[in-house]
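Subject: Structure handover and findings

Hello,

Here is the structure for your files.

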Amino acid sequence: MKLRPGNASSNTFTDHEEVLSAAMRQVPSRFRRKALVRVDGAGASHDLVKHLLALNSKRKTVLFTTGWMITEADEDAVRQVPAGAWKPGICQDGSIEQDKDVAEITHLLSRAENWPGGLRWIVRRVKPSRRQMPNLTAWEKKSGWRYSVICTNIPGNGIGGVPGSHHPQFIDVLHREHAVVETAGVRTAKAMGLRNLPSKTWQVNAGWVAAANIAADLAAWTRLLGCHDDPDLRDADPDTLRYRIWHLPARLARHARQRALAISGTWPWAGAFLTCWQRLTALPAPA
């Protein structure tokens with residue numbers, strides 16, 4: 001998380017570079033040699049794309065996908081896609097999506113020459129919902145489809161050792177999984193107190209953001225290390241964790257110079273709590 005002034009621009013490269021660098025530093029060095037960066041539409045700037053491409057070297061490979069602000073030139077490229085080039089969209093579990101199609105428009109995009117070489121553009125079309133109708137462009141309303149474009153540097157021969165990774169369908173699925181940032185990241189942070197911003201002073205806001213960040217990290221590691229094999233808790237939101245794991249009917253008792261936690265025998269998630277607690281307490285202390 002990075003606290004910024006209320007008048008900060010959404011496409012400020014220096015902020016994006018700072019957040020990306022901080023995120024990469026958190027990854028253990030031995031895992032940085034092959035990295036995938038996924039960014040939403042705010043990342044489709046020349047400076048950030050050039051920076052991502054510059055991170056590649058003989059010893060390090062950085063692939064990325066980013067959202068793309070569609071212009072009339074992009075719509076013109078989509079118009080040229082042959083009917084047979086559209087392939088069915090794929091769900092995260094590998095099943096076919098209905099009324100969703102994917103195609104590549106790299107060779108049709110006129111403004112591709114204004115961007116660095118080695119980039120590809122993937123377009124996705126879906127049947128718009130009633131809520132999305134007012135935001136459609138004139139051509140989208142006429143065609144009956146809502147379009148979104150992905151920019152990526154995943155090469156035409158794909159990712160080494162990953163069969164099918166060259167295909168537009170794979171890239172589309174890979175990028176859409178970025179939505180976990182909103183569901184497991186932003187919503188978690190808001191549930192941890194971030195929704196209470198802003199305060200009257202910058203110092204209070206900074207402290208509150210730091211506290212919410214720590215809380216979000218603790219929630220994520222609780223799920224990952226303590227509840228990874230529990231289908232109801234490994235992806236649970238903070239409210240579910242709070243009700244089942246953090247707040248439970250129990251009493252802390254002292255006996256023979258020891259403390260004991262007496263949990264209600266009727267609490268249905270007592271076993272889940274004990275499993276999580278034992279796993280977390282068995283971890284070695286941070287060095």
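A disulfide is counted here when two cysteine sulfur atoms lie within 2.5 Å of each other. By that criterion the structure holds zero disulfides. The sulfur of Cys 227 has its closest cysteine sulfur in Cys 276, at 4.0 Å, which is too far for a bond. Cys 227 is buried, at 2% relative accessibility, while Cys 91 is partly exposed, at 24%. For these labels, buried means under 20% relative accessible area, exposed means over 50%, and partly exposed is in between, with a 1.4 Å probe and protein chains only.

Some notes on provenance. This is a predicted model, in which local features need pLDDT of at least 70 and side-chain atom pairs count only at pLDDT 80 or more, whereas totals for chains, interfaces and linings use all residues. Residues are numbered from 1 along each chain as its sequence is written, and side-chain values use heavy atoms, leaving out hydrogens and water.

Sheets

Helices (H or I, at least four residues) and strands (E, at least two) are DSSP runs numbered from the N terminus, and two strands pair if DSSP finds at least two bridges between them. An open sheet of six strands runs in the order S1-S2-S6-S5-S4-S3, with mixed pairing. S1 and S3 (87-90) stand at the edges with a single partner strand each, so one side of each has no neighbour in the sheet. On average, neighbouring strands of this sheet are turned by 30° against each other, direction ignored. S1 and S2 run parallel and are joined by six bridges; Lys 34 stands opposite Thr 61 in S2. Helix H2 packs on the sheet and touches S1 and S2, and its direction makes about 160° with that of S2. Axes are lines fitted to C-alpha atoms, for helices over the stretch in contact, and angles run from 0 to 180 degrees between N-to-C directions.

S7 (residues 250-255) and S8 (residues 258-263) run antiparallel, joined by six bridges. Arg 254 has Arg 259 in S8 as its bridge partner. Two residues lie between the strands of this hairpin, where Ala 256 takes a positive phi near 55°. S7 is hardly covered: the count of buried residues among its six is zero.

Cores

A nonpolar core is a set of buried Ala, Val, Leu, Ile, Met, Phe, Trp, Tyr and Cys residues joined through side-chain atoms within 4.5 Å. The largest one has 31 residues, and Ile 105, Trp 121 and Val 123 have the most contacts inside it. Elements that each supply at least two of its residues include helices H1 (13-26), H2 (46-54) and H3 (72-79), as well as strands S5 (120-126) and S6 (146-152). A second, separate core has ten residues, among them Met 192, Ala 219, Ala 236 and Phe 273.

With contact taken as heavy atoms within 4.5 Å, and residues up to four places away in sequence not counted, Val 123 touches Val 78, Trp 86, Ile 105 and Tyr 147, among others.

Pro 168 lies in helix H5 (residues 168-176) and is buried, at 13% relative accessible area. Beyond its neighbours within four places in sequence, Pro 168 is in contact with Val 102, Ala 103, Glu 104, Arg 120 and Ile 122. Its C-alpha atom is separated by 9.7 Å from that of Ile 150, 18 residues apart along the chain.

Salt bridges

A salt bridge is a side-chain nitrogen of Lys or Arg within 4 Å of a carboxyl oxygen of Asp or Glu. The whole structure has 14 of them.

- Asp 74 and Arg 111: the closest N and O atoms are 2.7 Å apart. Asp 74 lies in H3 and Arg 111 in the loop between S4 (96-104) and S5, so the pair ties together parts 37 residues apart in sequence. Both residues are buried.
- Asp 15 and Lys 2: the closest N and O atoms are 3.8 Å apart. Asp 15 is in H1 and Lys 2 in the segment before H1, 13 residues apart. Asp 15 is buried, at 15%, and Lys 2 is partly exposed, at 33%.
- Asp 239 and Arg 242: the closest N and O atoms are 2.8 Å apart. The two are three residues apart in helix H8 (residues 238-246), about one helical turn. Arg 242 is partly exposed, at 24%.

Salt bridges that share partners also join Lys 2, Arg 4, Asp 15 and Glu 18 into one network.

Regards
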